[in-house]
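Here is a short report on one fold.

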Amino acid sequence: MEVEKKIKKISYLESLNSRTVFDENCIIQVSFALIADKWTLLILTTLMQGTKRNSDLQKQVIGISPKMLSQTLKTLLKYGMISRKVYPEVPPRVEYTLTEFGKSLVEPLSSFYNWSVDWEDRLRTIYKKTKGKNKL
């Protein structure tokens with residue numbers, strides 16, 4: 001199985017090198033469009049720590065409004081990346097957890113985290129220079 005994955009990755013890299021167009025039909029564009037916004041990856045990363053209640057997510061994802069948290073959670077539920085469990089209590093307790101599909105992001109996001117740590121000084125310098133400015 002591991003050999004098959006490596007073969008698939010190698011052929012993907014070869015395919016990537018031969019690509020001349022990255023449009024809305026490209027799977028990379030599709031993937032980024034679904035999860036690479038300001039809050040989605042932060043919420044997914046927080047849920048990688050384990051099951052969380054709405055209030056836990058609100059405390060851990062600094063700066064997200066309750067409305068945006070609710071909207072992002074609904075989107076992730078729709079995508080099947082998280083599940084929601086409501087307990088019949090007063091007040092109701094609601095918990096969110098990653099599904100198998102959501103857990104499949106652990107490895108790629110771990111690699112991205114390691115890359116971020118390796119390049120932290122440079123990334124922070126770039127961020128300070130561009131924050132609040134047109135990044136294009």
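Strand 2 and strand 3 form a hairpin, with 5 residues between them. This is a predicted model, in which local features need pLDDT of at least 70 and side-chain atom pairs count only at pLDDT 80 or more, while totals for chains, interfaces and linings use all residues. Residues are numbered from 1 along each chain as its sequence is written, and side-chain values use heavy atoms, without hydrogens and water.

Helices (H or I, at least four residues) and strands (E, at least two) are DSSP runs, numbered from the N terminus. Two strands pair if DSSP finds at least two bridges between them.

Strand 2 (residues 82–87) and strand 3 (residues 93–98) run antiparallel and are joined by 6 bridges. Tyrosine 87 has arginine 93 of strand 3 as its bridge partner. The open sheet has 3 strands in the order 1-3-2, with antiparallel pairing. Strand 1 (52–53) and strand 2 are the edge strands, each pairing on one side only. Strand 1 is joined to strand 3 by 2 bridges. Arginine 53 pairs with glutamate 95 of strand 3 as its bridge partner.

Two helices lie across these strands. Helix 3 lies across strand 1, strand 2 and strand 3, at about 95° to strand 3. Helix 5 lies across strand 2 and strand 3, at about 110° to strand 2. Axes are lines fitted to C-alpha atoms, for helices over the stretch in contact; angles run from 0 to 180 degrees between N-to-C directions. Contact means heavy atoms within 4.5 Å.

Beyond four places in sequence, leucine 73 contacts Ile43, Asn54, Leu57, Ile82 and Tyr96.

The structure holds 4 salt bridges. The term means a side-chain nitrogen of Lys or Arg within 4 Å of a carboxyl oxygen of Asp or Glu.

| Pair | N to O distance |
|---|---|
| Arginine 93 – glutamate 89 | 3.0 Å |
| Glutamate 95 – arginine 93 | 3.1 Å |
| Arginine 124 – glutamate 120 | 2.8 Å |

Arginine 124 and glutamate 120 are 4 residues apart in helix 8 (residues 120–130), so about one helical turn separates them. Shared partners join Glu89, Arg93 and Glu95 into one network.
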